[in-house]
Amino acid sequence: MKVTFTQAEIASIVQPTRTLGSASEPIRGIATLGAAEPGDISFLGNLKYKTSVPSTRATVVLLPNDYTGTPASGQLYVFVENPSVALARLCSRLEGELWPKPLPGIHPTACVSPGAKVAPTATIGPLCVVEHDARIGEGVHLQSGVFVGHGAQVGDNSWLMHGVVVQAECTLGRRVRLHPGVIIGADGFGYELVAGRHEKVPQIGTVEIGDDVEIGANSTIDRSRFGLTSVGEGTKIDNLVQVGHNVVIGRHCMICAQVGIAGSCTLGDYVVVGGQCGLAGHLTVGSGAMLAARSGVKDDIPPKTSVWGSPSLPLLLEQKIIILRNRLPELFKRVEALEKASAPKG
Amino acid sequence: MKVTFTQAEIASIVQPTRTLGSASEPIRGIATLGAAEPGDISFLGNLKYKTSVPSTRATVVLLPNDYTGTPASGQLYVFVENPSVALARLCSRLEGELWPKPLPGIHPTACVSPGAKVAPTATIGPLCVVEHDARIGEGVHLQSGVFVGHGAQVGDNSWLMHGVVVQAECTLGRRVRLHPGVIIGADGFGYELVAGRHEKVPQIGTVEIGDDVEIGANSTIDRSRFGLTSVGEGTKIDNLVQVGHNVVIGRHCMICAQVGIAGSCTLGDYVVVGGQCGLAGHLTVGSGAMLAARSGVKDDIPPKTSVWGSPSLPLLLEQKIIILRNRLPELFKRVEALEKASAPKG
Amino acid sequence: MKVTFTQAEIASIVQPTRTLGSASEPIRGIATLGAAEPGDISFLGNLKYKTSVPSTRATVVLLPNDYTGTPASGQLYVFVENPSVALARLCSRLEGELWPKPLPGIHPTACVSPGAKVAPTATIGPLCVVEHDARIGEGVHLQSGVFVGHGAQVGDNSWLMHGVVVQAECTLGRRVRLHPGVIIGADGFGYELVAGRHEKVPQIGTVEIGDDVEIGANSTIDRSRFGLTSVGEGTKIDNLVQVGHNVVIGRHCMICAQVGIAGSCTLGDYVVVGGQCGLAGHLTVGSGAMLAARSGVKDDIPPKTSVWGSPSLPLLLEQKIIILRNRLPELFKRVEALEKASAPKG
């Protein structure tokens with residue numbers, strides 16, 4: 001992929017509040033402050049790296065409005081409200097080159113049921129399977145090897161990558177992006193023990209994925225026992241996440257990698273779940289709650305509450321207890337000293 | 001999917017011990033007690049929801065035999081031994097509509113080796129690959145994009161969903177259900193460090209899956225170094241579970257999502273492993289043992305023992321220690337107070 | 001798979017330092033010491049099993065040079081420097097039978113872009129997709145259902161199994177082995193919250209996998225925001241592992257199953273990460289560091305350091321604290337006793 005930006009393009013995309021210095025080279029690459037070479041654009045996205053700005057060799061540097069400093073000769077400082085967002089918007093243009101919009105149409109190797117409804121602007125890539133009564137919206141792109149089961153729906157402008165599975169009757173909203181290996185609508189895990197055998201509880205519900213949801217590679221969202229498993233508009237889910245049957249996730253949540261959410265949990269809006277967290281079944285997590293990485297949650301969490309630990313506690317309490325736990329060797333010695341001091345002299 | 005049940009059908013499927021009241025509407029849906037509308041059937045599966053029964057708007061309610069209460073006008077109470085099982089059996093009929101039995105035959109896009117043996121009643125869906133010497137039993141359904149390697153066997157009436165992989169020489173029993181993305185028989189993780197490089201230990205054994213096993217989406221069961229990795233009859237495994245090489249899992253176990261079982265572990269029968277547990281290699285877990293969610297196990301577990309924690313302890317001890325851990329701030333204060341009290345006055 | 005070894009073959013493969021006794025049967029199987037029958041070869045790979053050697057019924061036993069003992073009648077002891085390595089080399093020959101080298105060529109059902117470069121000795125199996133500008137090296141084997149995106153490269157003699165995805169512009173070195181369901185180059189997890197919505201940070205970098213890397217089933221390696229996510233030469237990764245964007249993993253590391261490595265971590269060479277560990281973002285782990293299973297790491301780890309726990313501590317300290325934690329019930333009683341003793345009498 002070739003990166004090329006003129007200064008005019010950069011300005012039109014990032015809308016700078018002001019600039020300082022002047023760039024002497026066209027932009028041909030993007031790099032971190034430390035790794036940048038002349039010809040690169042870089043950015044200060046995390047104040048941790050502030051001290052790297054003066055020494056960066058980047059030709060253009062995106063900086064927050066309140067940064068104070070002077071560019072080197074041939075170097076341009078571009079001030080913006082949020083350098084990370086500014087960079088993301090520059091990268092959006094490049095993303096279009098990495099993933100050029102494919103031509104509409106159905107690849108000859110795809111197996112599309114005559115009973116499926118495929119919008120004329122959709123692209124069905126090679127070796128996809130679309131079953132009867134499935135509906136594929138306008139501008140949808142099924143990359144290749146994608147399976148869409150009977151009665152399932154894929155909303156307009158959604159993008160399903162290689163090997164994604166949308167089982168029967170599940171529905172995706174608009175602009176949904178599913179990375180390779182995502183499985184929507186496998187059976188939830190439900191059995192009844194009858195006479196020494198686990199009798200299957202059929203999972204006859206479905207999954208509903210809202211608009212603008214993105215789900216990472218190899219994550220799995222199970223269909224409900226009956227009714228719906230649902231993921232709200234704008235929620236983002238990372239790789240290898242498990243969402244159990246009948247879970248309801250609100251809007252604009254962030255679910256990091258390898259999280260497991262057991263059946264029938266309800267999450268509000270703007271919930272953040274750190275990597276490798278686990279939630280027991282039937283919990284309610286209030287809007288704006290934050291679960292630090294690797295938390296194991298077994299009780300409801302009120303809105304706007306931060307928790308940590310396994311089993312989880314309020315964040316500040318867990319932080320305190322971790323420190324005290326690490327002082328257990330000292331505590332045992334102190335108790336021993338007290339015991340010696342209080343022992344009857346002999 | 002259309003839900004329709006007459007009262008006669010419900011009675012013939014759930015075999016009620018008695019009924020109370022009379023229903024005025026045909027059944028067109030299934031819902032929880034709280035969400036049900038007239039026309040729905042609901043059930044009391046968890047006593048936690050007992051207080052929702054009097055106010056439910058469901059037309060038919062499945063109740064345990066010892067429930068006492070009076071239906072509303074136009075409402076029918078149906079008493080059964082286990083309402084969850086009764087509902088599961090009703091849902092089984094609907095499941096047949098969700099997943100209608102496909103016609104036997106091999107889809108023209110499937111690649112089936114002339115050296116494979118496919119039973120005449122089996123269905124090989126689109127874009128499947130079946131290699132030479134593979135054997136596909138009677139009534140088997142390979143949904144689509146399924147891979148069955150050379151010498152592998154799929155037992156009668158098994159159902160492998162999109163993208164399932166059964167590598168060479170692995171065998172599945174009868175009525176095995178594998179959800180999308182399950183990988184049977186990838187290499188176990190074994191190396192020997194020789195002269196600074198990890199030299200591969202070839203994994204030339206296989207995997208044997210028993211009758212009536214169900215495995216959830218994207219789970220992985222590794223082939224053994226030599227000999228067998230095996231999963232016993234009737235065992236159920238959830239999504240994103242990892243089973244290492246040479247593991248032997250007994251019959252009728254329940255392995256919840258995201259569990260990891262390291263190589264050469266042996267689990268007895270009826271073992272329950274909660275979500276996100278991890279087992280170190282070469283452990284023996286006795287029959288009927290129960291591992292609470294997120295346990296990290298590094299020692300053998302005797303039969304019928306419950307453990308929790310990481311590293312795990314007997315369940316009751318871990319519960320006690322968790323409470324005491326949370327009281328560490330108090331304990332430090334108490335020790336400080338004792339130290340002050342015992343300090344020489346001056 | 002048929003196992004057959006003559007004594008001469010065994011000797012030529014394992015290069016014994018000496019032998020003792022004489023075998024009366026040809027070798028037809030491989031088994032552990034305890035399970036072996038006459039006709040099997042076995043080995044003492046772990047000193048834990050030393051006491052099983054005298055009673056093993058194996059016809060040939062691979063033993064470490066310093067083992068002292070006498071074979072039974074008709075039994076051959078073969079002494080080698082490392083019996084596990086010796087067995088691995090024997091198994092390598094069998095592995096060639098399990099996975100015979102396929103004939104070169106492109107299967108008629110594969111979709112290979114005319115703009116892709118496929119070496120004449122490569123094998124492209126059924127239902128694979130190779131996009132334009134992709135390069136497939138000499139001796140490469142794409143098993144089936146493999147996807148290689150535009151501009152991606154697969155180095156000589158690499159082996160990609162069913163359903164592997166290598167997204168656009170990612171590169172694999174030579175002799176890379178990717179098990180089924182591995183996803184290389186899905187988007188990293190990056191968003192900026194703008195006006196209440198998570199705005200996508202495009203992930204326009206790539207992934208670079210070094211020579212001799214092996215990655216287990218359903219693991220995911222995300223493409224970088226820009227620049228590279230990379231896995232160094234000779235590193236081995238187990239199943240269901242998540243490697244975030246911009247992570248740099250050194251050479252000859254071992255990453256066990258279900259590990260999660262958050263974005264922008266840097267691991268040195270010969271790092272060992274136990275199963276189910278999690279690393280927070282932007283950490284540096286020094287060469288030769290060892291993370292015990294289920295560690296949760298949130299701080300940098302110096303080279304050659306062993307850690308354990310979550311949040312992790314130096315290994316020996318964590319071991320000590322775990323013991324003390326388990327003694328909390330006792331400690332509370334001791335403090336209570338001190339309090340009683342120091343209470344004013346009355």
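## Strands E37 and E38 of chain A

A:Val307 stands opposite A:Pro314, a residue of E38(A). This pair belongs to a predicted model. Strand E37 of chain A covers residues 306–309 and is joined to E38(A) by 3 bridges, the two strands running antiparallel.

The loop between E37 and E38 of chain A holds A:Pro311. The peptide bond that leads from A:Ser310 into A:Pro311 is cis, its omega being near 0°. Helix H3 of chain A, residues 315–326, lies across both E37 and E38 of chain A, and its direction makes an angle of about 110° with E38(A).

## The open sheet of chain A

E37 and E38 also take part in an open sheet of 12 strands in chain A, with mixed pairing. The order of the strands is E6-E9-E12-E15-E18-E23-E26-E29-E32-E35-E37-E38. The edges of this sheet are strand E6 (105–106) and strand E38 (312–314) of chain A; each has a single partner strand, so one side of each is left without a neighbour in the sheet.

## Backbone features of chain B

In chain B, the peptide bond from B:Ser310 to B:Pro311 is cis, with omega near 0°. B:Pro311 is located in the loop that connects strand E37 (306–309) with strand E38 (312–314) of chain B. Most peptide bonds are trans, and most residues other than glycine have a negative phi.

Against that background, two loop residues of chain B may be noted. B:Asn246 has a phi near 65°, a positive value in a residue other than glycine. B:Asn246 occurs in the loop between strand E27 (242–243) and strand E28 (248–249) of chain B. Is B:Asn246 buried or exposed? B:Asn246 has 26 C-beta neighbours inside 10 Å and therefore counts as buried, given that the cut-off for a buried residue is 20 or more.

For B:Gln276, phi is likewise positive, near 65°, and this residue is again not a glycine. B:Gln276 sits in the loop between strand E32 (272–273) and strand E33 (278–279) of chain B. Because 31 C-beta neighbours lie inside 10 Å, B:Gln276 counts as buried.

## Parallel pairing in chain C

Strand E19 of chain C, residues 183–186, pairs with strand E16 of chain C, residues 165–166, in the parallel sense over 2 bridges. Within this pairing, C:Val165 has C:Ile183 of E19(C) as its bridge partner.

E19(C) is also joined to strand E24 of chain C, residues 220–222, by 3 bridges, and these strands run parallel. Here the bridge partner of C:Ala186 is C:Asp222 in E24(C).

## Chains A and C: symmetry and contact

Chain A is superposed on chain C by a rotation of 120° with 0.0 Å of shift along the axis, at an RMSD of 0.1 Å. The two copies are thus related as by a three-fold rotation axis.

How many residues does each chain bring to the contact between chain A and chain C? Chain A provides 49 residues and chain C provides 49 residues. On the side of chain A that touches chain C, the elements giving two or more residues are helix H2 (83–98), H3 and helix H4 (328–342) of chain A. H2(A) supplies the largest share of that side, 8 residues. By residue class, the side of chain A that touches chain C comprises 23 nonpolar, 20 polar and 6 charged residues.

Notes. Residues are numbered from 1 along each chain as its sequence is written. Chains are lettered from A and ligands numbered from 1 in the order in which they are written. This is a predicted model: local features need pLDDT of at least 70, side-chain atom pairs count only at pLDDT 80 or more; totals for chains, interfaces and linings use all residues. Two strands pair if DSSP finds at least two bridges between them. Helices (H or I, at least four residues) and strands (E, at least two) are DSSP runs, numbered from the N terminus. Two residues are in contact if their C-beta atoms, placed from the backbone, lie within 7 Å. Axes are lines fitted to C-alpha atoms, for helices over the stretch in contact, and angles run from 0 to 180 degrees between N-to-C directions. Copies are superposed by least squares on the C-alpha atoms of residues with pLDDT of at least 70 in both. A residue is buried if 20 or more other C-beta atoms lie within 10 Å of its own, exposed if 12 or fewer, and partly exposed in between; C-beta atoms are placed from the backbone. Ala, Val, Leu, Ile, Met, Phe, Trp, Tyr, Cys and Pro count as nonpolar, Asp, Glu, Lys and Arg as charged, and the others, Gly among them, as polar.
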